[in-house]
Amino acid sequence: MKKPQPLTPLFKQFIRDSESGKRLKKNGERITAGSIVNYKYVLQNLIQFSTDTNFELRVCSILRLTARELKSEKAYWKKFYKNFTEFMYKKGCFDNYVGANIKIIRVFFNYLKDEKDLYVGDFHKQFYVRKEEIDILVLSPEQLKFLIHDKEFEKKLTSTQIKLKDIFVFGCTTGLRFSDMFLLTNKNFEKSNDDWYLKLKSKKTKTYSFIKLPNYAIEVYKKYKSGNSKTTLFGEKNLSNFNRSLKRIGEMAGFTDPVEVSREKQGKTKKVNSKAKERFCDKMSSHMMRRTAITTLLILGMPEHLVRKISGHSHGSNSFNRYVHYAQAYIDKEIEKVHSKLENY
């Protein structure tokens, strides 16, 4: 059998080539900084797995292997997948995160073949990537209206909290991703007659959006706009501070109803914090902005194809269909309230 090579140095080279631009996406674009951060996390997980379980991580070219050696190599990678995923689940990870790690490991295998001319086999194609449907948590239209309009509540907030609330409300209205929100400058806003529009190209999907703004969103823009066209509207972003402060604002707003959160491990549903149910405010984060914007538009009756145009989702997007189902469930619940009033004579 050919002499195997240690996997870790090759994975580090994979990361370096992605950072330097030597390795590109299939469309010729550079790998994003966010993807490279994820690669580094996977490498950390692989090293920890190897150290804690004493599992040797190596790769071996399968060219000119005997049938017996090929069978042995196949068994090695089958064992790796089983042991690595079990290790991740024991660490407390759920299907989406474990699946994301496996997805990157599969990308690494393709890199070895396509860019390093090291053919270690197609065993990675047997690595199953599990996905889970996480419950969508969004603000109801009533909660969003409260944050937009309640001036008495705003008086209880510090100036920093008011700015964060304004950013959150703006995001819940426009459906922008957190990363896109903090790239906005005066150039992204355009006035036509008496109407204001937000125009931008998504950093993630490269799709263009042209969104008409309501009065309260225009007020947020005018409040924070700078005289310098290059200065970003909302300043520097800090995701962890944003999410931590947002939970506190949600608590102060009284968004404290208990929510039961369930996740999946190896396809089986597991309740999270089953002893003490988490409150709605504890689950508030930057992700809620985009989700709230999409579901609010659907709940209030905007046709799906127009909502997709604003959100940048493709026609057959599975993630968008989840918003549709959620919005329909909300509408059904509201209809049931009306029906129950009519039925009680």
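Is Glu 152 buried or exposed? Glu 152 has a relative accessibility of 53%, so it counts as exposed. The scale is simple: buried means under 20% relative accessible area, exposed over 50%, and partly exposed in between, with a 1.4 Å probe and protein chains only.

The model is predicted: local features need pLDDT of at least 70, side-chain atom pairs count only at pLDDT 80 or more, and totals for chains, interfaces and linings use all residues. Residues are numbered from 1 along each chain as its sequence is written, and side-chain values use heavy atoms, with hydrogens and water left out.

Stay with Glu 152. Its side chain meets that of Lys 155 in a salt bridge (3.1 Å, N to O). A salt bridge here is a side-chain nitrogen of Lys or Arg within 4 Å of a carboxyl oxygen of Asp or Glu. Both residues lie in helix α6 (residues 151-155), three residues apart, about one turn of the helix. Helices (H or I, at least four residues) and strands (E, at least two) are DSSP runs, numbered from the N terminus. Lys 155 is exposed, at 63% relative accessibility.

The structure holds 15 salt bridges. Glu 251 takes part in a bridge with Arg 248, the closest N and O atoms being 2.8 Å apart. Arg 248 and Glu 251 share helix α10, three residues apart, about one turn of the helix. Both are partly exposed: Arg 248 at 42%, Glu 251 at 30%. Glu 251 also meets the side chain of Arg 279 in a salt bridge (2.9 Å, N to O). Arg 279 lies in strand β9 (residues 278-279) and Glu 251 in helix α10, so this pair ties together parts that are 28 residues apart in sequence. Arg 279 is partly exposed, with a relative accessible area of 28%. Elsewhere, salt bridges link Glu 154, Lys 165, Asp 166 and Lys 223 in a network.

Now the aromatic rings. A pair of them is described by the distance of the centres and the angle of the planes. Rings of Phe, Tyr and Trp (its six-membered ring) pair if their centres lie within 6.5 Å; planes under 30 degrees apart count as stacked, over 60 as edge-to-face and the rest as tilted. The structure holds 32 aromatic pairs. Phe 146 and Phe 153 have ring centres 5.1 Å apart and planes at 45°, so the pair is tilted. Phe 146 is partly exposed at 25%, whereas Phe 153 is buried at 2%. Phe 178 and Phe 242 also have centres 5.1 Å apart, but their planes stand at 65°, so this pair is edge-to-face. The pair links distant parts of the chain: Phe 178 in helix α8 (residues 178-181) and Phe 242 in helix α10 (residues 239-252), 64 residues apart.

Next comes a sheet. Three strands form an open sheet in the order β3-β4-β5, with antiparallel pairing. Two strands pair if DSSP finds at least two bridges between them. β3 (189-192) and β5 (208-212) stand at the edges, each with a single partner strand, so one side of each has no neighbour in the sheet. Five bridges join β4 (residues 195-201) to β5. Leu 198 stands opposite Ile 211 in β5.

Last, the surface. Val 37 lies in helix α2 (residues 33-53). Val 37 is partly exposed, at 42% relative accessibility.
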